[in-house]
Amino acid sequence: MLGGRPLCVLFGSSIVQYSFSNGGWGAALADIYARKADILLRGYIGWNTRRAVQVMDKVFPKDSAVQPSLVIVYFGGNDSIAAHSSGLGPHVPLDEYIGNMRKIAEHLKSLSEKTRVIFLSCPPLNEEMLRNSTSSTILSEIVRTNETCRLYSDACVALCKEMNLKVVDLWHAMQKREDWITACFTDGLHLSEEGSNIVVEEILKVLKEAEWEPCLHWKAMTTEFAEDSPLDLVSSSGDTTVNPSEWTIHRKLPWD
């Protein structure tokens with residue numbers, strides 16, 4: 001953390017790693033929280049909860065001098081892939097997935113009294129688009145279905161209710177949009193800009209409604225170096241300056 005800004009870590013698999021690409025939700029959060037908090041990416045394509053648990057102490061060391069104010073976690077899509085006959089691959093049985101997510105939550109909650117956690121559940125898929133985009137001579141067949149995504153999403157949501165954790169139910173949130181199946185994905189699995197916008201909207205809703213102290217919603221946070229200055233832009237009258245610190249006119253969407 002540089003200069004004392006709060007730190008938000010995005011932790012998860014490819015939906016996290018790719019979240020700064022193609023109008024992704026991580027990039028949108030970094031823009032929304034510019035001059036308010038630092039958004040740190042810890043995304044690992046292909047990972048499941050089993051691998052995440054193995055590195056928790058390295059990614060989030062308990063003895064670090066600086067702990068995150070917020071951690072947003074996404075795992076489940078790779079865990080839900082059908083098991084391979086060899087025993088290799090990212091599949092994690094549902095019961096183990098739940099246990100691993102519990103371990104991740106407990107570790108993050110133990111970092112500090114002020115560390116807040118939001119889990120993201122599995123979004124749905126466009127199965128046809130995914131089949132067409134993942135045919136490969138390099139990889140064995142990858143079997144993903146909406147039904148297994150729903151099971152892992154429901155399990156994540158239920159665990160969060162049990163542990164009193166904040167959760168974004170992406171399975172249902174995505175499908176509120178009528179054209180979700182064609183609009184929300186780049187390849188049937190990873191999120192387009194439209195899909196990412198749903199993620200951002202849902203995260204901001206959680207942050208706005210959470211009764212956390214301090215509040216981590218962007219509108220409630222201090223803007224760094226926002227004091228007026230004679231070095232700001234000169235007004236049209238020419239006798240004063242205009243402070244642009246809080247301007248959001250560059251954004252395509254007026255985030256709440």
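Start your tour with helices α4 and α6: α4 passes α6 in a right-handed crossing, right-handed being the case where the near helix is turned clockwise from the far one by less than a right angle, and left-handed the anticlockwise case. What you have open is a predicted model, in which local features need pLDDT of at least 70, side-chain atom pairs count only at pLDDT 80 or more, and totals for chains, interfaces and linings use all residues. Residues are numbered from 1 along each chain as its sequence is written, and side-chain values use heavy atoms, with hydrogens and water left out.

**Stop one: the helix pair**

Select residues 94-109 for α4 and 146-163 for α6; the two pack at an angle of about 40 degrees, with their axes 10 Å apart. That angle makes α4 oblique to α6 (under 35 degrees is roughly parallel, over 145 roughly antiparallel, 65 to 115 roughly perpendicular, and the rest oblique). Now show the side chains where they meet (contact is heavy atoms within 4.5 Å).

**Stop two: the loop between β2 and α3**

Next, click on Gly-46, in the loop between β2 and α3. Gly-46 is partly exposed, with a relative accessible area of 34% (buried is under 20%, exposed over 50%, partly exposed in between, using a 1.4 Å probe and protein chains only). Leaving aside neighbours within four places in sequence, Gly-46 is in contact with Ser-14, Asn-78 and Pro-90. Draw a C-alpha to C-alpha line from Gly-46 to Phe-75: they are 29 residues apart in sequence and 9.9 Å apart in space.

Stay in this loop, which sits between β2 (38-43) and α3 (49-59), and select Asn-48. At 5% relative accessibility, Asn-48 counts as buried. Its side chain reaches the backbone oxygen of Pro-90 at 2.7 Å. Beyond neighbours within four places in sequence, Asn-48 is in contact with Phe-75, Asp-79, Pro-90 and Val-92.

**Stop three: Arg-251**

Finally, go to the segment after β7 (241-242) and pick Arg-251. Is Arg-251 buried or exposed? Arg-251 counts as buried, at 15% relative accessibility. Look for the polar contact between the side chains of Arg-251 and Asp-31, at 2.9 Å. Not counting residues up to four places away in sequence, Arg-251 touches Asp-31, Ile-32 and Trp-218. A polar contact is a pair of N or O atoms within 3.5 Å; within protein, one must be able to donate a hydrogen and the other to accept it, and residues adjacent in sequence count only if both atoms are side-chain atoms.

Note on methods: Axes fitted to C-alpha atoms, helices over the stretch in contact; angles between N-to-C directions. Helix = DSSP H or I, 4+ residues; strand = E, 2+ residues; numbered from the N terminus.
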